[in-house]
Amino acid sequence: MTSQTCPECGVLVQIKEGGFTRYRYHTGHAYSGDTLLVSVTEAIEDKLWISMRALEEASMLLEHTAEELAANGQTELAGEYLRKAKTMEDRTTLIFQTIIDNQPLSDEHLRHQSESSERL
């Protein structure tokens, strides 16, 4: 077993063959180190998008509830809901920036980065 997990389903087994390491899930998914790296970074980005959407939905719900509370004269509680909505919006902005700043991780990309930094 390895500490790596399959981006699709679970724990991977690490197999060393001829100086290379492969990763395999018991149902048949198999990865080289590079393809696992690409798959993991894609899974991270997918999860960040899901998190961002959930935060946006929570923010909209908080804002809607605040409007209802304010309309019913509960302005102090409405203000608290709006503060929580703002917190959600701030978190959404951070996650969005993380997604935008994310760089794909692959053997090719990392080699290119290494070569570029060596030239400087």
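In this predicted model, Leu 55 touches Met 88, Arg 91, Thr 92 and Ile 95, when residues up to four places away in sequence are not counted. Leu 55 itself belongs to helix 1. The points below begin with this residue and then turn to the helices and the chain.

- The relative accessible area of Leu 55 is 16%. Because buried means under 20% relative accessible area, Leu 55 counts as buried.
- Leu 55 and Arg 91 are separated by 36 residues in sequence, yet their C-alpha atoms lie 7.4 Å apart in space.

**Helix 1 and helix 2**

- Helix 1 covers residues 33–71 and helix 2 covers residues 75–101.
- These two helices pack at an angle of about 160°, and their axes are 8 Å apart.
- Angles over 145 degrees count as roughly antiparallel, and helix 1 and helix 2 are therefore roughly antiparallel to each other.
- The contact of helix 1 with helix 2 comprises 18 nonpolar, 5 polar and 6 charged residues.
- Helix 1 and helix 2 form a left-handed crossing.

**The protein chain as a whole**

- The protein chain contains 3 helices and 3 strands.
- Along the sequence, these elements follow the pattern β-β-β-α-α-α.
- Of the 120 residues in the protein chain, 22% are buried.
- Among contacts between residues at least 6 apart in sequence, 39% join residues that are at least 24 apart.
- The protein chain has an accessible surface of about 8,700 Å², and carbon and sulfur atoms account for 55% of this surface.

Notes
Residues are numbered from 1 along each chain as its sequence is written. This is a predicted model: local features need pLDDT of at least 70, side-chain atom pairs count only at pLDDT 80 or more; totals for chains, interfaces and linings use all residues. Side-chain values use heavy atoms; hydrogens and water are left out. Axes are lines fitted to C-alpha atoms, for helices over the stretch in contact, and angles run from 0 to 180 degrees between N-to-C directions. Helices (H or I, at least four residues) and strands (E, at least two) are DSSP runs, numbered from the N terminus. Angles under 35 degrees count as roughly parallel, over 145 as roughly antiparallel, 65 to 115 as roughly perpendicular and the rest as oblique. A crossing is left-handed if the near helix is turned anticlockwise from the far one by less than a right angle, and right-handed if clockwise. Ala, Val, Leu, Ile, Met, Phe, Trp, Tyr, Cys and Pro count as nonpolar, Asp, Glu, Lys and Arg as charged, and the others, Gly among them, as polar. Buried means under 20% relative accessible area, exposed over 50%, partly exposed in between (1.4 Å probe, protein chains only). Contact means heavy atoms within 4.5 Å. Accessible areas come from the Shrake-Rupley method with a 1.4 Å probe; for residues, only the protein chains shown count as cover.
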